[in-house]
Amino acid sequence: ATANEGYEFLNWSSNGEVIATTPTCEYLMEGDATLTATFALKNYNVEIVCNRNEGVVIGVGTGVYPYGNVLSLTAEPLSGYVFDGWYIADSKIAEASTYVHTVDSAVQIEARFTQVIYDLTLRLEDGWNWISAYFADEELMTSWKFLTPIKNSVERFVGMETEIVNDPEYGLTGNLHTLSPTEGYKVKTNRLMLNTWTGVKANTDSTQIALKKGWNWIGYPAA
């Protein structure tokens, strides 16, 4: 007995009784008989992997699947990352975030993501300026860390409900502790200045903005 692609031979049987488990067998005929060769779909191990600190895979997971099974996978990057592609044995097989794989062998399918680094350059005029910062770095988005490069020129840094002032004795002080990429801010400087911040960019495609009743200061994504 020869199995077709995707199948494996199980046994020979006669009248419901297994008489051999090898593809080739000898059978002594003692009368009329019906010999049945039984085959079954092959099952394969399919491993779906990704770095969960960078993104997730939605759809089926790692498991044992029969030959010909169609698996649909969708990769979703976390904030600060973009989807790079689907890989098998270090070879990129697809770039679209959704990939359909037909099982025909044991395989490891990997979703890879790439961190997005960008430069935010702001030209701040003497006086009041509107700004926003689309960083995913938690440290960089703390107000004191963000303002450190320009602290000598900042007089006030204001959010909708919180603010920081540059006190002559105590320096930067106030209750605005963390910046949000979805919010806009006003900063008052005492001179014209230009500064660049470098960090991991927040994922603007998946960032939701919660609007409150009344006026809202909305952040704008950097290019």
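**Close-up views of a predicted model**

**View 1. The largest pocket and its lining.** The largest pocket has a volume of about 320 Å³. Its lining is made up of 19 residues, and those closest to the pocket centre are Met-160, Glu-161, Glu-183, Lys-212 and Trp-217. By type, the lining residues of the largest pocket divide into nine nonpolar, seven polar and three charged. The model shown here, as in every view, is predicted.

**View 2. An open sheet of three strands.** Strands β5, β7 and β10 form an open sheet, in the order β5-β7-β10. The pairing is antiparallel. Strands of a sheet pair through backbone hydrogen bonds, either parallel or antiparallel. The edge strands are β5 (55–59) and β10 (98–102), and each pairs on one side only. From one strand to the next, the twist averages 25°.

**View 3. The pairing of β7 with β10.** Strand β7 spans residues 70–77. Five bridges link β7 to β10, in the antiparallel sense.

View 4. Asn-11 is found in strand β1, which runs over residues 7–14. Relative accessibility is 16% for Asn-11, so this residue counts as buried, the cut-off being under 20%. Which residues are in contact with Asn-11, leaving aside its neighbours within four places in sequence? They are Val-18, Ala-20, Thr-21, Thr-36, Ala-37 and Thr-38.

Technical notes:
Residues numbered from 1 in each chain as written. Predicted model: local features only at pLDDT ≥ 70, side-chain atom pairs only at ≥ 80, totals over all residues. Heavy atoms only, no water. Helix = DSSP H or I, 4+ residues; strand = E, 2+ residues; numbered from the N terminus. Buried < 20%, exposed > 50% of the residue type's maximum accessible area, 1.4 Å probe, protein only. Contact = heavy atoms within 4.5 Å. 1 Å grid on protein atoms, 1.4 Å probe; cavity = no way out; pocket = protein on both sides within 12 Å on 5 of 7 lines; lining within 4 Å. Points joined across faces, edges and corners; volume = space filled by probe spheres on them. Nonpolar A, V, L, I, M, F, W, Y, C, P; charged D, E, K, R; others polar. Pairing = 2+ DSSP bridges. Axes fitted to C-alpha atoms, helices over the stretch in contact; angles between N-to-C directions.
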